[in-house]
Amino acid sequence: MSEYKRLTDRDEFGNADIIGVDSEDLQLNLEYDEFNKVTNALNRLAQYEDIGGPAEFAKLKAELESEKALHHKYEKLALKNAMEYDEVINEKSGTWERMENAWEELEGFSCECGYFGQAAFPYCPSCGRKMSGGEAIQS
Ligand SMILES: [Zn+2]
């Protein structure tokens, strides 16, 4: 990968200039309104460049997207558990397996995805399967 080089630099007032271009020459013939637009555009570019190059942006974007997807998944599962509301069409289903200790006392419930918990929710909080077999403890 070629090395990323900044296009902008900041002057003593914190305003962005294009590296290698005399900003006074550049903005000399601009109307006041245009001058402000160029200044704003350069400042914004400099802000992006402060974050990093294309590689950093791609990483940031991927992080945000996976976080969003995860957040969305857990939000949906929490909502479904709260409302017992079934909105997913390709719903997988499963059955809670009762986990008992050597004295046949109930210790919890497990899902085929590997989730184990004390409560048998209507939907598995890990994989989202619509679950049956937990009715016994919900009364
Ligand atoms: Zn599960």
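1. Let's start with the sheet: three strands form an open sheet in the order S4-S5-S6, and the pairing is antiparallel. Strand S4 (97–100) and S6 sit at the edges, each pairing on one side only. Keep in mind that this is a predicted model.

2. If you want a spot to check on screen, Glu-97 stands opposite Ser-110 in S5.

3. On to the core. The largest nonpolar core has eight residues. Its members are Trp-96, Phe-109, Cys-111, Ala-120, Phe-121, Tyr-123, Cys-124 and Met-131. Leaving aside residues up to four places away in sequence, Phe-121 touches Asn-81 and Met-131.

4. Next, Pro-122, which lies in the loop between strand S6 (116–117) and strand S7 (130–132). Pro-122 counts as partly exposed because it has 17 C-beta neighbours inside 10 Å, and being buried would take 20 or more. Ser-132 is ten residues from Pro-122 in sequence, with 7.0 Å between their C-alpha atoms.

5. Finally, helix H2 (residues 32–51). At 1.5 Å a residue, its 20 residues should span 28 Å, and the end C-alpha atoms are 29 Å apart, so the two values agree. H2 is hardly covered: among its 20 residues, the count of buried ones is one.

Terms used. Residues numbered from 1 in each chain as written. Predicted model: local features only at pLDDT ≥ 70, side-chain atom pairs only at ≥ 80, totals over all residues. Core = buried A, V, L, I, M, F, W, Y, C linked by C-beta atoms within 7 Å. Buried ≥ 20, exposed ≤ 12 C-beta atoms within 10 Å, placed from the backbone. Contact = placed C-beta atoms within 7 Å. Helix = DSSP H or I, 4+ residues; strand = E, 2+ residues; numbered from the N terminus. Pairing = 2+ DSSP bridges. Expected span 1.5 Å × (residues − 1).
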